[in-house]
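Biologist: Can you take me through this model? I'd like the overall picture, then a few individual residues.

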Amino acid sequence: MGDKMVPNPKLSALKQLRGQWLAQHESVKTALDRPAKDFGGGEVISGPWRDKVAPEVTGRRDRVNKLAESVLGAIDAAIAAEPAEVTESEAQTFRWMRKGNI
């Protein structure tokens, strides 16, 4: 293979992953908005049970929100850590690993 530098296939895969995550990101972040609003507002569900469960639903919504952001941050950090080019042998090794050959 040699030491010829080629575009980094891992960087390309990470950028593709970022695009796929962005397509889902907003729906994941807002998945619990409606239930949290329903429980927290007291108009849809009321009573002692709501008072007990509403903070949990709101807490879960906030946690999902933070996790969605942290996934994006982790992908961005991985992208930033990758060089634009790697040797041919490094690129080939990555492609083999992705196919499950290593």
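Modeller: What follows goes from the whole chain to single residues, and the model is a predicted one.

Biologist: Fine. How many helices and strands does the protein have?

Modeller: There are four helices and two strands. Read from the N terminus, the order of the elements is β-α-α-α-β-α.

Biologist: And is the protein a compact globule or more spread out?

Modeller: More spread out, because its radius of gyration is 21 Å, well over the 13 Å that the globule rule gives for 102 residues. Along the principal axes, the C-alpha atoms fill a box of roughly 70 × 25 × 15 Å.

Biologist: What share of the residues counts as buried?

Modeller: Of the 102 residues, 25% are buried.

Biologist: What about contacts between residues at least 6 apart in sequence?

Modeller: In that set, 80% join residues at least 24 apart.

Biologist: Charges next. How many positive and negative side chains are there?

Modeller: The count is 16 positive and 14 negative, with the centres of the two sets 3 Å apart.

Biologist: Now single residues. Where is Asn8?

Modeller: Asn8 sits in the loop that links strand 1 (5–7) to helix 1 (9–29).

Biologist: Why does Asn8 count as buried?

Modeller: Its relative accessibility is 4%, and the cut-off for buried is under 20%.

Biologist: What is Asn8 in contact with, leaving aside neighbours within four places in sequence?

Modeller: Glu82, Pro83, Ala84, Glu85 and Val86. There is also a local polar pair: a polar atom of the Asn8 side chain lies 2.9 Å from the backbone nitrogen of Lys10.

Biologist: And Leu11, is that buried or exposed?

Modeller: Leu11 is in helix 1 and counts as buried, because its relative accessibility is 11%. Beyond neighbours within four places in sequence, Leu11 contacts Ile79, Glu82, Pro83 and Ala84. Glu82, Pro83 and Ala84 are also among the contacts of Asn8.

Biologist: How far is Leu11 from Met97?

Modeller: The C-alpha atoms of Leu11 and Met97 are 14 Å apart, for a sequence separation of 86 residues.

Biologist: What does the side chain of Asp76 make a polar contact with?

Modeller: With the side chain of Arg18, at 2.4 Å. Asp76 and Arg18 are 58 residues apart in sequence, and their C-alpha atoms are 7.6 Å apart.

Biologist: What about Glu69, which element is that in?

Modeller: Glu69 is in helix 3 too. A relative accessible area of 36% makes Glu69 partly exposed.

Biologist: Which residues does Glu69 touch, not counting those up to four places away in sequence?

Modeller: Glu69 touches His25 and Lys29. The side chains of Glu69 and His25 form a polar contact of 3.1 Å.

How values were computed. Residues numbered from 1 in each chain as written. Heavy atoms only, no water. Polar contact = N/O pair within 3.5 Å; in protein donor to acceptor, adjacent residues only side chain to side chain. Rg over C-alpha atoms; globule rule 2.2 N^0.38 Å. Buried < 20%, exposed > 50% of the residue type's maximum accessible area, 1.4 Å probe, protein only. Contact = heavy atoms within 4.5 Å. Lys, Arg positive; Asp, Glu negative; His and termini not counted. Charge placed at Lys NZ, Arg CZ, Asp CG, Glu CD.
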